[in-house]
Amino acid sequence: MGVVLEALNVVRHFGAVKAADNVSVQLQEGQTVGIVGPNGSGKTTFVNIVTGYVKPTAGQVRFREQDITGLEPREVTNLGIARSFQIPQLYTSLTILENMLIALSIRSRQHWGFWGPLKSADRVGEATQLLARFGFADGIDQRVSTLPEGGRKLLDVALSFALGPKLLLLDEPTSGVSVDDKFGVMDTLMEAMKRSEITAVFIEHDMDIVARYADRVLVFAEGSILADGDPDSVFANPAVRTHVLGEGV
Amino acid sequence: MSVKPGSLGGESGVGEELGVGQDTAFRGDRTDEQALTGATSSPRPSRRGLLAALAILALLVLAPLLGLPSWLVFLFTVAFAKGLVVLGVVLLLRGDLVSFGHGLYYAIGAYAAGLALRAGFPLRDAFPLAVLGALAGAVLASIVGLFLARYRGIFFGMLSTAFSMILYSLLLKLYWLTGGTDGIAVRISSTLGLQPPADLIRLTQYYFVLALVVGSVYLAYRVAASPLGYLMRGINDNEIRVEYMGASVRRAIYRTYVLSGALGGLGGALTAITVGHIAPDLAYWTASGEFVFIALLGGSGSVFAPFVGAGVFELVRNYAQKASPYTWQMLLGSVLLVIILFAPGGLWSVFERLVGRRPTGSAGGPEKRPAKERRWALSSKR
């Protein structure tokens with residue numbers, strides 16, 4: 001299994017805050033990686049740097065051996081890295097189906113078409129199928145603004161997934177999802193990932209979810225990686241227990 | 001990476017620029033307004049909508065034959081030509097971009113036709129001149145658009161105005177070329193090869209412009225339902241997501257802008273041909289303001305709305321000037337005020353309410369959409 005993503009000594013400071021302090025990490029193809037860490041430890045910054053939203057002050061990011069440091073989000077996305085957002089980023093005045101159709105038209109590079117309809121039978125069929133995989137069956141003609149937070153979260157992920165990425169970065173996919181639904185949502189997501197052989201990275205605060213779904217855990221603290229390994233060994237690490245799990249040792 | 005520019009007080013950008021009270025200007029709480037946004041589209045054209053469109057078209061075709069006075073035929077010809085420019089403005093409004101400088105394309109289309117005739121362009125027919133106007137608009141927009149596609153909100157609006165005022169100065173100062181304030185007389189010798197007797201010229205022009213309007217409306221309708229059309233609505237909602245889907249926001253705006261410029265040029269050339277005389281005023285900022293005014297008056301709820309708006313605008317102006325030669329702008333302003341207060345979706349929304357077109361899908365949920373979304377969504381409802 002080859003290396004999909006590689007960060008080399010990535011640095012990014014916001015004023016006095018070290019959001020990324022010499023971060024180096026390699027992600028293998030097909031891995032499911034959980035990222036944990038306290039607020040402000042640099043988890044989202046890591047995702048932002050990889051996807052080009054934030055430019056690192058120093059260091060390099062490589063995706064499948066290609067240097068992608070400093071590329072725009074659009075360019076990074078087109079290389080095969082998609083992401084979802086902590087706060088869902090959707091087209092709220094359009095319907096669920098229309099959101100998906102736009103994603104599909106962009107993936108097939110047909111988004112510049114101005115004559116044929118967006119809602120071609122083929123595209124609608126594909127979108128409906130994809131949405132069904134994420135649990136959207138009835139009411140895909142509803143405007144996104146009518147969706148509850150959990151539904152938005154899921155749609156946000158579904159849209160990133162629809163882009164057909166090699167690497168998918170999920171920023172807190174289950175925050176805002178009710179406790180009862182969390183595992184259901186993650187089951188749906190992980191099943192879809194595995195089937196499409198996507199390397200998945202997810203930021204998560206719920207340790208039960210990380211323990212259950214991740215086969216590798218990265219612990220961030222103050223902009224660097226405090227621990228890295230399989231869930232069992234990482235959660236056994238005393239430093240992690242103090243910093244992340246908040247156990248007064 | 002751009003921040004969602006709507007945050008630049010863009011909630012009621014247009015209202016601001018027209019000096020209308022911010023924020024409250026276009027807020028209406030009526031949920032039936034949702035009908036206009038066309039958020040949900042049935043896959044087939046709504047039969048009722050199609051019938052309504054055909055009925056209007058039949059009326060427009062027949063009206064001159066049923067005794068519409070000649071001056072009104074002329075007035076509507078000019079109104080429809082202007083409506084084409086407004087249609088271009090409305091396409092941009094979908095992406096929440098208020099072009100306060102479409103006089104630029106209006107003038108360049110008109111002057112392309114006028115200058116071509118003066119320079120001895122061999123085809124003195126209305127059709128090639130209209131094509132020339134549209135081309136001139138598209139070419140100019142493809143240059144100006146390179147700059148404008150980087151800006152949003154008030155910056156986009158003001159920069160548009162700046163470009164149109166540059167053209168205005170040029171038209172004014174390059175006397176040897178443009179005749180300055182004297183302008184240029186535009187005399188065509190035929191329309192689509194027809195050389196009607198003098199008393200039928202206006203009528204011929206009317207049908208010629210009407211035919212081009214029908215073609216343009218169909219084009220705009222296809223664009224609104226196309227991936228690019230939806231992408232513009234996506235840009236209006238969330239630019240960040242558009243870029244994170246791998247599409248270029250700037251390029252989408254650029255393409256729409258070029259199309260919009262072509263429509264502006266076409267409208268300008270048709271006005272020049274119809275009126276028979278052009279002057280630098282076409283590029284003056286008040287001309288651009290007029291187009292935005294008409295866009296608001298008609299509403300952006302449908303591709304037909306600009307033409308309703310333009311027709312009513314010209315009528316109101318005509319009578320207002322007659323009733324009160326010195327303060328007619330005040331009457332015009334009052335009309336807009338009434339529209340904003342009682343029909344924030346524009347005149348078209350009134351029409352739709354009368355015809356009874358309701359949301360065809362389930363999108364009209366109980367929640368109320370923010371005024372911004374409601375105002376600009378061009379109907380791609382079919």
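Tutor: Here is a talk about confidence, sheets, helices and a few single residues.

Student: How do you know how far to trust chain A?

Tutor: This is a predicted model, and pLDDT is the predictor's confidence on a scale from 0 to 100. Chain A averages a pLDDT of 91, and 98% of the residues score at least 70. Within chain A, the mean is lowest in helix 9 (residues 238-243), at 83, and highest in helix 3 (residues 96-107), at 97.

Student: What makes strand 2 and strand 5 of chain A edge strands?

Tutor: Look at the order first: an open sheet of four strands in chain A runs 2-1-4-5, with antiparallel pairing. Strand 2 (17-28) and strand 5 (66-67) of chain A each have a single partner strand, so one side of each is left without a neighbour in the sheet. Helix 1 (residues 43-50) of chain A packs on this sheet and touches strand 1, strand 2 and strand 4 of chain A, with its direction at about 65° to that of strand 2.

Student: How do you know that strand 1 and strand 4 of chain A pair?

Tutor: Pairing needs at least two bridges between the strands. Strand 1 (residues 3-14) and strand 4 (residues 58-63) of chain A have five bridges, in the antiparallel sense. For A:Leu5, the bridge partner in strand 4 of chain A is A:Phe63, while for A:Val11 the partner in strand 4 is A:Ala58.

Student: And what joins strand 4 of chain A to strand 5 of chain A?

Tutor: Two bridges join these antiparallel strands of chain A, and the cut-off is at least two, so they count as a pair. A:Arg62 stands opposite A:Asp67 in strand 5 of chain A. Strand 4 and strand 5 of chain A also form a hairpin with two residues between them, and A:Arg64 in the turn has a positive phi of about 45°.

Student: Which strands stand at the edges of the sheet of six strands in chain A?

Tutor: The order in that open sheet is 6-7-8-3-9-10, and the pairing is mixed. Strand 6 (81-84) and strand 10 (224-229) of chain A are at the edges: each has a single partner strand, so one side of each lacks a neighbour in the sheet. Neighbouring strands of this sheet are turned by 20° against each other on average, direction ignored.

Student: Why is helix 13 of chain B called roughly perpendicular to helix 14 of chain B?

Tutor: The axes of helix 13 (residues 285-298) and helix 14 (residues 305-323) of chain B come within 7 Å and cross at roughly 110°. Angles of 65 to 115 degrees count as roughly perpendicular, so helix 13 of chain B is roughly perpendicular to helix 14 of chain B. The residues of this contact divide into nine nonpolar, two polar and no charged. Among them are B:Ile294 in helix 13 and B:Phe313 in helix 14 of chain B.

Student: What makes A:Glu222 partly exposed?

Tutor: Buried needs 20 or more other C-beta atoms within 10 Å, and exposed needs 12 or fewer. A:Glu222 has 15, so it is partly exposed. A:Glu222 lies in the loop between strand 9 and strand 10 of chain A and has a positive phi of about 50° although it is not a glycine.

Student: Where do the chains meet?

Tutor: 35 residues of chain A are in contact with 35 residues of chain B. Helix 3 of chain A gives the most to the side of chain A that touches chain B, with five residues.

Notes: Residues are numbered from 1 along each chain as its sequence is written. Chains are lettered from A and ligands numbered from 1 in the order in which they are written. This is a predicted model: local features need pLDDT of at least 70, side-chain atom pairs count only at pLDDT 80 or more; totals for chains, interfaces and linings use all residues. Two residues are in contact if their C-beta atoms, placed from the backbone, lie within 7 Å. Axes are lines fitted to C-alpha atoms, for helices over the stretch in contact, and angles run from 0 to 180 degrees between N-to-C directions. Angles under 35 degrees count as roughly parallel, over 145 as roughly antiparallel, 65 to 115 as roughly perpendicular and the rest as oblique. Ala, Val, Leu, Ile, Met, Phe, Trp, Tyr, Cys and Pro count as nonpolar, Asp, Glu, Lys and Arg as charged, and the others, Gly among them, as polar.
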